[in-house]
Amino acid sequence: MSRRTFLVSAAAVAVSAGPLTAVARAAARAPKVLVIGLDGALLTRIKDADAPNLDALTAAGLTAPSSIYANPLAPTLSGPGWSTLITGVWPDKHNVKDNTFTGARFAQYPDFLTRVETAKPSLNTYAVASWAPITDTVFSSKVDTRVSTPSAEYDTGTTSRAVARLRDGNPDAMFVHLDNIDHAGHSHGAASQQYLDAIRTADAQVGQIVTAVRSRATYADEDWLIMVTADHGHTDAGGHGGSTLQERQTFLIATGPTLAAGSVRYDVKMPDVAVSALAHLGIAIDPAWDLDGRPLQQPVPDDFDTLRGQLQARVDETGIPAGLLGFTHTPPAGWSVDNSAMGTGGVTEWRGWSFTTDEFWTRAQRDQSRESNIRARNVFAVADGDEWNDKALTGTFDSTLVSPAHPVTGGRTATLSYTTYYRQESPQKGEVLVSYDGAAPVSVRTYTADVPSRTETVTLQVPSGATSVRVRFRYTGGNNWYWVIDGVRITQS
């Protein structure tokens with residue numbers, strides 16, 4: 001991967017602030033969006049089920065398995081899940097913690113259809129849901145049409161209403177919620193035949209809705225982005241709300257003009273659904289909205305993501321499935337890890353800075369807030385002194401992650417940005433240091449208290465005459481917690 005992946009120009013980062021311009025979809029074609037939510041659906045069980053319509057969408061476009069949070073951020077319930085998907089922000093912003101929606105910040109972080117109405121009131125918006133709180137509470141009254149399907153009609157009524165609106169109306173942005181997979185999960189468990197039967201039924205309903213899109217008299221003049229997603233998963237025995245990876249599972253299946261057929265990505269997260277819809281409709285994303293999503297049409301890979309093909313299976317960890325590939329100590333090209341002061345022994349996977357995934361790292365030990373690492377994507381770097389200490393060792397954890405040297409212009413400011421998540425226990429410390437042209441590193445930020453998952457920015461005063469900068473992330477501690485780093489970039493205007 002070229003250095004440019006790490007050194008992203010301000011213009012490249014800002015591409016998420018507006019619609020795709022590189023795609024030469026015919027100007028006459030009207031952009032339209034359809035989001036279908038399958039409550040409680042597991043991607044792994046969709047693959048096991050008789051689901052030809054979802055299989056066809058998968059073959060025609062993008063599939064992106066993903067994972068969500070758990071307590072203390074929020075339980076894996078429908079209220080927080082649908083609020084995240086629909087608003088484009090994580091629960092620490094929209095503040096939905098359960099299915100009562102108490103304390104929700106929808107005025108500050110409204111649903112994506114409300115943003116459509118605000119930005120382009122001439123567009124027609126429509127939402128229909130089998131679970132009434134979605135259309136009664138999450139979507140606002142600014143949406144042109146909100147329908148909470150009567151419980152007696154359930155998903156059949158939701159489907160027929162969506163089909164009728166596509167056939168008889170002219171919606172520009174639609175949201176459709178189907179609930180029966182979740183119902184089957186609660187009643188029979190995700191490992192049951194009844195759950196697979198519910199997926200098959202939902203698949204047929206998705207087929208009816210997609211057929212209605214493609215049967216529109218104006219379809220040839222329309223540019224549809226279709227996204228199918230879920231709010232959470234289910235346990236094999238049935239139920240959700242906890243921190244198991246199965247409960248934390250979600251996914252996106254999407255077809256659209258820029259999405260490669262049969263492609264798979266691991267950098268897509270729940271808030272991307274709302275932001276992708278807005279981008280497709282030509283609505284510029286205002287940074288003041290403070291959204292967490294980014295348009296899936298505009299991927300922003302980083303150097304760590306290049307390591308996915310190099311990930312290894314567990315060595316000392318016992319709670320991680322033996323066949324799951326999820327860690328490596330080999331850094332990406334240009335990066336290095338300095339373990340010269342690192343203790344010996346300990347759990348192999350976490351000896352010094354490691355590169356890992358949510359699916360692997362969170363299974364090392366549940367319910368220690370690793371599930372709250374929501375803003376890192378795909379492969380990220382972690383220094384985990386707590387897990388390293390779970391096997392006999394000598395010394396302390398002292399490891400430094402070192403970036404490539406990057407060109408800068410002396411006498412001007414530069415901006416260092418990165419996604420971080422830091423959990424503290426004394427005498428632990430995280431330190432960010434920079435060095436110019438190989439000089440002694442200078443500390444620019446220190447962590448000695450908990451920092452939630454977020455993007456950090458540090459303004460660098462580049463010395464006169466300097467031509468390159470290198471960044472170091474040093475983590476020291478004993479049997480303490482952890483530090484996550486991802487998406488490291490340096491920009492200079």
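In which helix does Gln205 lie? Gln205 lies in helix H11. The model is predicted, so local features need pLDDT of at least 70, side-chain atom pairs count only at pLDDT 80 or more, and totals for chains, interfaces and linings use all residues. Residues are numbered from 1 along each chain as its sequence is written, and side-chain values use heavy atoms, with hydrogens and water left out.

View 1. Helices (H or I, at least four residues) and strands (E, at least two) are DSSP runs, numbered from the N terminus. Gln205 has a relative accessible area of 8% and is therefore buried (buried means under 20% relative accessible area, exposed over 50%, partly exposed in between, with a 1.4 Å probe and protein chains only). Apart from neighbours within four places in sequence, Gln205 is in contact with Asp155, Thr156, Thr159 and Leu178 (contact means heavy atoms within 4.5 Å).

**View 2. Helix H10 against helix H11.** The axes of H10 (residues 180-188) and H11 (residues 193-214) come within 8 Å and cross at roughly 175 degrees, which means that H10 is roughly antiparallel to H11. Axes are lines fitted to C-alpha atoms, for helices over the stretch in contact, and angles run from 0 to 180 degrees between N-to-C directions. Angles under 35 degrees count as roughly parallel, over 145 as roughly antiparallel, 65 to 115 as roughly perpendicular and the rest as oblique. On the H10 side the contact is made by Asn180, Ile181, Ala184, Gly185 and His188, and on the H11 side by Gln194, Tyr195, Ala198, Ile199 and Ala202. The contact of H10 with H11 has six nonpolar, four polar and no charged residues (Ala, Val, Leu, Ile, Met, Phe, Trp, Tyr, Cys and Pro count as nonpolar, Asp, Glu, Lys and Arg as charged, and the others, Gly among them, as polar).

**View 3. Helix H4 against helix H11.** The axes of H4 (residues 52-60) and H11 come within 7 Å, with a crossing angle of roughly 55 degrees, so H4 is oblique to H11. Asp203, Ala204, Val206, Gly207, Val210 and Arg214 in H11 meet Pro52, Asn53, Leu54 and Leu57 in H4. Six nonpolar, two polar and two charged residues make up the contact of H4 with H11.

**View 4. The second largest pocket.** About 530 Å³ of space lies in this pocket. On a 1 Å grid over the protein atoms alone, a cavity is a set of points where a 1.4 Å probe fits but cannot get out, and a pocket is an open set with protein on both sides within 12 Å along at least five of seven lines; lining residues have an atom within 4 Å of a point. Grid points are joined across faces, edges and corners, and a volume is the space filled by probe spheres set on the points. Of the 19 lining residues, Thr44, Pro65, Gln249, Tyr266 and Glu359 lie nearest the centre of the second largest pocket. Helix H3 (43-48), strand E2 (62-67) and strand E7 (249-255) each give two or more residues to the lining, and H3 gives the most, with three.

**View 5. The largest cavity.** The count comes to two cavities of 30 Å³ or more. The largest cavity holds about 120 Å³ of space. Its lining has 14 residues, with Tyr266, Lys269, Asp358, Glu359 and Asn378 nearest the centre. E2 gives the most to this lining, with three residues. By class, the lining of the largest cavity has five nonpolar, four polar and five charged residues.

**View 6. The second largest cavity.** The volume of the second largest cavity is about 50 Å³. Residues lining the second largest cavity include Ala64, Leu85, Phe251, Lys269 and Met270. E7 gives the most to this lining, with three residues.

**View 7. Ile374 and Asp367 in the loop between H13 and E13.** Ile374 has 3% relative accessibility and so counts as buried. Ile374 touches Tyr69, Leu73, Trp90, Asp92, Lys269 and Ser453, not counting residues up to four places away in sequence. At 52% relative accessibility, Asp367 counts as exposed. Phi of Asp367 is near 60 degrees, a positive value in a residue other than glycine.

View 8. Pro72 lies in the loop between E2 and helix H5 (78-87). Pro427 is in the loop between strand E17 (413-423) and strand E18 (429-436).
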